Amino acid sequence: MSPDLSAGPGIVAVTLVTVATLAIGTWGLRFSRTTSDFFVASRTVRPRLNASAIGGEYLSAASFLGVAGLLLVFGADMLWHPVGWTAGYLVLLVLVAAPLRRSGAYTLPDFAEARLGSRGVRALCSVLVVAIGWLYLLPQFQGAGLTLQAAIDAPTWVGPLVVSVVVLVNVSSGGMRSITFVQAFQYWLKLTALLLPACVLLAVWVGDGAPNPTTGSGAGPDLWSSPLGEGGGQGLYVTYSLIVATFLGTMGLPHVVVRFYTNPDGRAARRTTLVVLALLGVFYLLPPIYGALGRIYAADLAAVGGSDVLVLELPRLMVDGLLGEMLTGLVTAGAFAAFLSTSSGLAIAVAGVLSQDVTGRRFAGRRLSGVAAFRAGAVLAVVVPALVSIAAPDVGVARTVGLAFAVAASTFCPLLLLGIWWRGLTPAGAIAGLTVGGLGSGLAVGWTLVTSETSGWVATLLGQPAAWSVPSALATMVVVSRMTRDSVPLHAGRFMVRLHTPEAVDLQRG
Amino acid sequence: MSERPAGEPRAERVRVTGPDRRRSTVARPPGTREIDAGTQLGAIYMGSLMRDQLLLALRILLVLVVSVASLPLVFHLWPGLAGVRVVGVPLAWLLLGVLVYPWLIVLGWVYVRRAEAHERDFADLVDEVER
């Protein structure tokens, strides 16, 4: 972070990633012609390509930078972040993947409207998609500012600006179809950018006599090896709340869900998810290596609160000369790819919803065409969180992402679970549950973003709301649905047939 | 638009059609007809498919909870485990940093195989019934 370090490799890396992203996006453009291409790549993406794209989109700044930094500072309990982000896909696979694809809807609000036949539920879902999308975009932009500051000593507003411009150009020119290729490329770039430096750093570590990171100084070795944080009742609560938020939140993230509509059928959706599990599993083996090595070679980073840049600084700290600079360039490229791909995916999801419910509406007697409305939606989706990220204070990349997971788990998870598996869900029940979950977790988010207090039970309960907000949203949905059981949609049975029967069986699907 | 060479006999006009894509209700397998008509039998078919798939999902999730999500509680009840090392690596790091990922893939693979088998059985059932 000091200005005397060479900025060369960082600038080269960021430029190369940006150019490659734009080039692949432009190449994908020739396949993009219709509105369906824009939103869902016309639903013809094969499992392997789609899985790489999902992996590329999902591995955000929090995965690439945040996890290693958290591991360095807090130790083994932070392993629950990557474990939860991966296990979330297993939960999504067994409960949601195939039915969601078979529902045949473009976005989460589309699903809600098709299932419940209610404009009110649709409007509420649209608001929530935009809220979660913006909340998740915020740390991506902040991480980009942080990375460019560490790599080329740029002011923190440069990162958000560069990422927004690249994302906007790519998303608004080619939509989902071209972004699929970009995302798939970025998964492999991110994997390489962590894997190669990790191999070199491990070789250096072995050359130094392989000192054991768990016996050094810093937080007590036992604490660093415990998967429970501070231990005691609060440690247990925080850990389990994190598990609930990540295991159940993945299925409710708008940018994850929108990718499932690009599968050709329900069976392909399942197979895609299985490949995603494997891709994420391979990737998440790497951040712990950086966290552990950081404890030996970069222990002071944790002390000065610079743990988010551990992955970027470690190669320079461990390897001198040209090799160290090249490895730094590589991890910078990977980090930048992480911001670009996740932001693109979120921008697509939010723009899709905004273009259907806001920019596609009739204004003063004029109505934008499908593609023009999508582009206007993309601008809105990106510019708002970019401005907020420049204005708002930094609250930690992984922490904000964790809150987005908690909101998703408290709102869309109950809606999807009950909508897919329970015929008795009613529009009133869905609205009540979404409101309870959204307000509960939203209150916690607001409180966490404005205060810095982290001790005591109130701070613990509001800092990790999922363990109470998810069950209360689920219970509200069930109870209110039972109270309004007369308003169960007439087509619910037919819709269940559509969700659960394989496409090969010739049935009327409503 | 090509010109027909002079003297060649005019070929008879043939109407080319593809196979009928919308099969008539009569030709469709009886099981699907029951479901489409919303009869009690159709509801039973659908109910059994959904129950099988949901039970499978819940079994996989139960295994996930018992094998992975129980770890914080286990480490809470037996704090000594945090000090256990396997070849120098703390147990928690080995379990949560490495072993959990292949385990998640195995669970996912088992689920996909079983779920597809359920759907094949369902397709066979609605195809064969009352034949």
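Modeller: Residues are numbered from 1 along each chain as its sequence is written, while chains are lettered from A and ligands numbered from 1 in the order in which they are written.

Colleague: What ipTM does the predictor give the complex, and what is the mean pLDDT of chain B?

Modeller: For chain B, 77% of the residues reach a pLDDT of 70 or more, pLDDT being the predictor's confidence in each residue, from 0 to 100. Where pLDDT is low, the predicted coordinates should not be read in detail. The complex has a pTM of 0.87 and an ipTM of 0.88, and the mean pLDDT of chain B is 80.

Colleague: What percentage of chain A counts as buried, and what percentage of chain B?

Modeller: A residue is buried if 20 or more other C-beta atoms lie within 10 Å of its own, exposed if 12 or fewer, and partly exposed in between, with C-beta atoms placed from the backbone. Chain A has 510 residues, with 23 helices and 2 strands, where helices (H or I, at least four residues) and strands (E, at least two) are DSSP runs numbered from the N terminus. Chain B has 131 residues, and its 4 helices and 2 strands run α-α-α-β-β-α from the N terminus on. The buried share is 61% in chain A and 26% in chain B.

Colleague: Which helix of chain A gives the most residues to the side that touches chain B?

Modeller: Counting two residues as in contact if their C-beta atoms, placed from the backbone, lie within 7 Å, the contact takes 44 residues from chain A and 46 residues from chain B. Helix 11 (232-249), helix 13 (266-283) and helix 23 (492-500) of chain A are among those that each supply at least two residues to this side of chain A. The one that gives the most, with 9 residues, is helix 5 of chain A.

Colleague: How many residues of helix 13 of chain A are buried?

Modeller: Helix 13 of chain A reaches 26 Å from its first C-alpha to its last, close to the 26 Å expected at 1.5 Å a residue, where the expected span is 1.5 Å times one less than the number of residues. Helix 13 of chain A is mostly covered, and of its 18 residues the number buried is 15.

Colleague: Why does Leu72(A) count as buried?

Modeller: Leu72(A) lies in helix 4 (residues 61-74) of chain A. Not counting residues up to four places away in sequence, Leu72(A) touches several others, including Gly291(A), Arg295(A), Leu301(A) and Leu310(A). Leu72(A) counts as buried because its C-beta neighbours inside 10 Å number 30.

Colleague: Is Leu54(B) buried, exposed or partly exposed?

Modeller: Leu54(B) is found in helix 2 (residues 40-69) of chain B. The C-alpha atoms of Leu54(B) and Ala115(B) are separated by 9.7 Å, although the two are 61 residues apart along the chain. Because Leu54(B) has 16 other C-beta atoms within 10 Å, Leu54(B) is partly exposed.

Key: Predicted model: local features only at pLDDT ≥ 70, side-chain atom pairs only at ≥ 80, totals over all residues.
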